[in-house]
Amino acid sequence: MAADFKGDYQELVDEISELLGVPATLENRDFELIAFGAYDSEGELDPSALDPVRTRSILTRRSTATVRAWFEGFGITRATGPVRIPPSPEAGVYRGRICLPVRHRGVVLGYVWLLDGDPGPTDAQLAAAMQVAGRIGALLADEAEAGAGLSRELRAVLTAEPGWQQDMAVAELRTALGPRADGPLTLVCVAPWPSPEPDDAPAARTIPHATALCTLPWGASEQSLALLVRLRATEVTAPALAAAGRLLKEAEAARGGRRGGAGSGAGVPALGNAARGAGARPTAAGFAGAAGGGGGAGCAAGVGDARIGLAELGAVWQEAAAATRAALAEPRFGPVAEWARIGPYRLLTALPPRAAHDPVVGPLLSPAHRELARTAEVYLDRAGQAARTAAELGIHRQTLYYRLSRVEQLTGLDLDDGEDRLLLHMALKRARL
């Protein structure tokens with residue numbers, strides 16, 4: 001169904017472009033690009049048509065929060081007819097715009113953007129274009145309803161108890177997806193996601209290879225985003241990795257908008273800045289910070305192993321969530337971690353919460369002994385090789401031996417004993433989760 005929607009949007013945007021004799025773009029109400037109609041005329045390649053705002057919208061398929069706020073300042077969210085917006089070179093808008101609000105049952109769902117000119121479209125042409133915009137609004141409403149249904153079905157599968165409840169949820173999702181339910185599929189988990197509101201999540205159509213998405217609880221008070229991705233083959237994960245990277249940029253852009261927002265600058269905002277990536281995560285020394293899942297400073301993504309069909313979707317989600325936790329805990333895995341590549345964390349993430357802190361190791365994990373904990377972890381990571389450990393920590397070997405003896409005193413463990421070393425190593429890694 002998603003592919004049908006995409007083709008219908010393109011046909012309608014092309015119809016408006018031909019009707020008015022100017023190129024048109026269609027964006028949803030969050031300024032995410034849906035379709036671009038290139039009108040074939042002598043002036044189409046005029047460099048003045050490619051101002052920074054328009055170019056960024058086409059190339060990145062979205063506009064910044066500052067761009068959105070600036071255009072909304074002309075009343076486009078309330079308009080029921082065409083809105084003319086003058087050029088503003090200082091804002092990166094070299095050509096005037098005509099905005100056709102796309103509404104359905106009184107609600108604005110998107111915008112058709114036209115480049116204004118002299119002479120511009122006539123009132124009769126714009127009236128005809130608004131009729132086409134009304135058809136686009138009905139289509140957007142239908143897609144929103146279908147997407148909301150898929151989100152509910154996907155959430156039901158991922159939250160259902162194993163057994164008949166999950167089987168029923170899988171059957172309903174398979175019916176909703178139709179032929180898209182067959183073939184290789186995997187799940188991407190992005191956490192912590194900035195908002196629990198479904199409307200704040202990107203449309204599945206804007207994410208390459210995406211089939212459905214939903215938000216799910218992450219810990220006590222945060223949210224994660226689950227994305228169902230179609231693959232060409234179970235061993236080809238590139239589409240899932242690309243989708244995960246795109247979602248991380250979406251999350252960081254949303255988080256940046258909440259921190260600064262459209263009002264973070266004075267006067268006309270500087271437009272066209274790209275999202276900055278996935279943000280910071282806990283460092284190797286940050287045992288206290290790691291326990292908080294990134295401390296709100298950033299997010300990470302995980303990708304589960306691909307399966308054929310939907311039957312094992314619950315297991316794939318557990319893998320994706322575990323990979324995300326590993327990426328949040330260990331920067332070397334992130335910002336996008338695959339379940340198949342997180343090594344011992346496949347086992348560590350499966351341990352119940354009560355196994356997080358072994359009582360013997362507990363004293364070492366207190367903030368007062370952070371340096372000792374890091375020393376022990378690096379020593380065990382380096383297979384007990386004192387020279388490599390001291391070099392990495394930048395300390396004298398005698399200082400290393402002193403710290404290791406303090407670790408043994410605090411824990412009662414013998415670092416010459418293999419099982420004691422295994423227990424300590426697992427406890428230190430598990431504490432990051």
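This is a predicted model: local features need pLDDT of at least 70, side-chain atom pairs count only at pLDDT 80 or more; totals for chains, interfaces and linings use all residues.
Me: OK, and the overall make-up: how many helices and strands?
Reply: There are 13 helices and eleven strands, where helices (H or I, at least four residues) and strands (E, at least two) are DSSP runs numbered from the N terminus. Of the 433 residues, 48% count as buried, that is, under 20% relative accessible area, as against exposed at over 50% and partly exposed in between (1.4 Å probe, protein chains only). Among contacts with a separation of 6 or more, residues 24 or more positions apart account for 65%.

Me: Which residues have the most contacts inside the largest nonpolar core?
Reply: They are Leu-154, Leu-158, Leu-310 and Leu-313, in a core of 39 residues; a nonpolar core is a set of buried Ala, Val, Leu, Ile, Met, Phe, Trp, Tyr and Cys residues joined through side-chain atoms within 4.5 Å. At least two residues of this core come from each of α4 (123–159), α5 (164–177), β6 (184–193), β7 (210–218), β8 (222–230), α8 (313–329) and α9 (345–348), and α8 gives the most, with eleven residues. Apart from this core lies another, of 25 residues, among them Val-13, Ile-16, Val-112 and Leu-126.

Me: What does Leu-154 touch, leaving aside its neighbours within four places?
Reply: Leu-154 is in contact with Leu-173, Leu-187, Ala-212, Leu-213, Cys-214, Ala-226, Leu-228 and Leu-313.

Me: And Thr-324, buried or exposed?
Reply: Thr-324, which lies in helix α8, counts as buried because its relative accessibility is 0%. Beyond its neighbours within four places in sequence, Thr-324 is in contact with Cys-189, Ala-191, Trp-218, Ala-300, Ala-301 and Gly-302. The C-alpha atoms of Thr-324 and Val-190 are separated by 6.9 Å, although these residues are 134 apart along the chain.

Me: Switching to charges, how many salt bridges are there?
Reply: The structure holds 14, a salt bridge being a side-chain nitrogen of Lys or Arg within 4 Å of a carboxyl oxygen of Asp or Glu. In one of them Asp-116 pairs with Arg-84, the closest N and O atoms being 3.1 Å apart. Asp-116 lies in the loop between β5 (107–115) and α4 and Arg-84 in strand β3 (residues 83–85), so the pair ties together parts 32 residues apart in sequence. Asp-116 is buried at 17% relative accessible area, whereas Arg-84 is partly exposed at 44%.

Me: Which residues are linked in a network of salt bridges?
Reply: Glu-330, Arg-332, Glu-377, Asp-381 and Lys-429 are linked in that way. Glu-330 and Arg-332 meet at 3.6 Å, N to O, with Glu-330 buried at 7% relative accessibility and Arg-332 exposed at 57%.

Me: Last one, α10: how far apart are its end C-alpha atoms?
Reply: They are 16 Å apart, which agrees with the 16 Å that the twelve residues of α10 (residues 370–381) should span at 1.5 Å a residue, the expected span being 1.5 Å times one less than the number of residues. Buried residues in α10 include Leu-372, Glu-377 and Tyr-379, while Arg-374, also found in this helix, is partly exposed at 22%. Just after α10, Ala-383 takes a positive phi of about 55°.

How values were computed. Residues are numbered from 1 along each chain as its sequence is written. Side-chain values use heavy atoms; hydrogens and water are left out. Contact means heavy atoms within 4.5 Å.
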